Amino acid sequence: MTTTPTPPALARFNVLEEQAALAVLHEACASTEWARRLLAGRPYATVADLHAASDAATDGLGAADLAEAMAGHPPIGRPAPGDPTSAREQRGMADAAAELKAEMLELNLAYQERFGHVFLICATGRSGEQMRDAARERLGNPPEREREIVRTELGKINRIRLARLVEEDA
């Protein structure tokens with residue numbers, strides 16, 4: 001039986017001091033509860049194990065924890081200044097026409113007014129038009145349905161961010 005060695009970046013994450021690990025996890029997801037759950041599961045043998053723990057933690061977030069996680073995400077089309085992560089993830093809006101950016105701003109505002117939080121979508125690899133179309137479509141969702149979509153999208157974002165964290169060698 002052959003075992004795959006733990007990737008070096010994941011091994012480093014596994015042995016980080018608790019406060020440093022919490023800080024690193026908080027960069028991936030603003031939910032303190034999510035970060036604590038992942039921290040409690042260390043050490044992780046594989047990235048798949050870490051992703052599974054992330055999925056379980058995301059699924060278990062209560063309303064306040066989910067709100068805390070969403071508060072860490074800037075609106076689509078308006079990445080946080082000086083934040084390379086949000087700029088990279090929202091690249092599809094970077095070169096969008098002014099009309100599309102203006103429409104996305106209006107949709108963001110309408111969404112926030114309807115649901116009380118930022119429009120959350122895993123923007124990585126999506127065009128500005130795809131994000132706009134998703135916002136248009138999701139505005140018609142009932143709040144319960146939208147909350148589950150947000151949870152799914154958050155899970156996708158968390159997986160991408162964790163992969164960057166533990167698969168890249170410093």
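This tour moves through a predicted model, from one serine to a group of salt bridges. Residues are numbered from 1 along each chain as its sequence is written, and side-chain values use heavy atoms, with hydrogens and water left out. Because the model is predicted, local features need pLDDT of at least 70 and side-chain atom pairs count only at pLDDT 80 or more, while totals for chains, interfaces and linings use all residues.

Begin by selecting serine 31, which sits in the loop between helix 2 (18–28) and helix 3 (32–40); helices here are DSSP runs of H or I, at least four residues, numbered from the N terminus. Serine 31 has a relative accessible area of 0% and is buried (buried means under 20%, exposed over 50%, partly exposed in between, with a 1.4 Å probe and protein chains only). Its side chain reaches the backbone nitrogen of tryptophan 34 at 3.1 Å.

Next, select arginine 136 and glutamate 103, which form a salt bridge whose closest N and O atoms are 2.4 Å apart (a side-chain nitrogen of Lys or Arg within 4 Å of a carboxyl oxygen of Asp or Glu). Arginine 136 belongs to helix 9 (residues 128–138) and glutamate 103 to helix 8 (residues 98–115), so the pair ties together parts that are 33 residues apart in sequence.

Finally, go to helix 10 (residues 143–167), where glutamate 148 and arginine 151 are three residues apart; glutamate 148 is partly exposed at 39% relative accessibility, whereas arginine 151 is buried at 11%.

Notes
Helices (H or I, at least four residues) and strands (E, at least two) are DSSP runs, numbered from the N terminus. A polar contact is a pair of N or O atoms within 3.5 Å; within protein, one must be able to donate a hydrogen and the other to accept it, and residues adjacent in sequence count only if both atoms are side-chain atoms.
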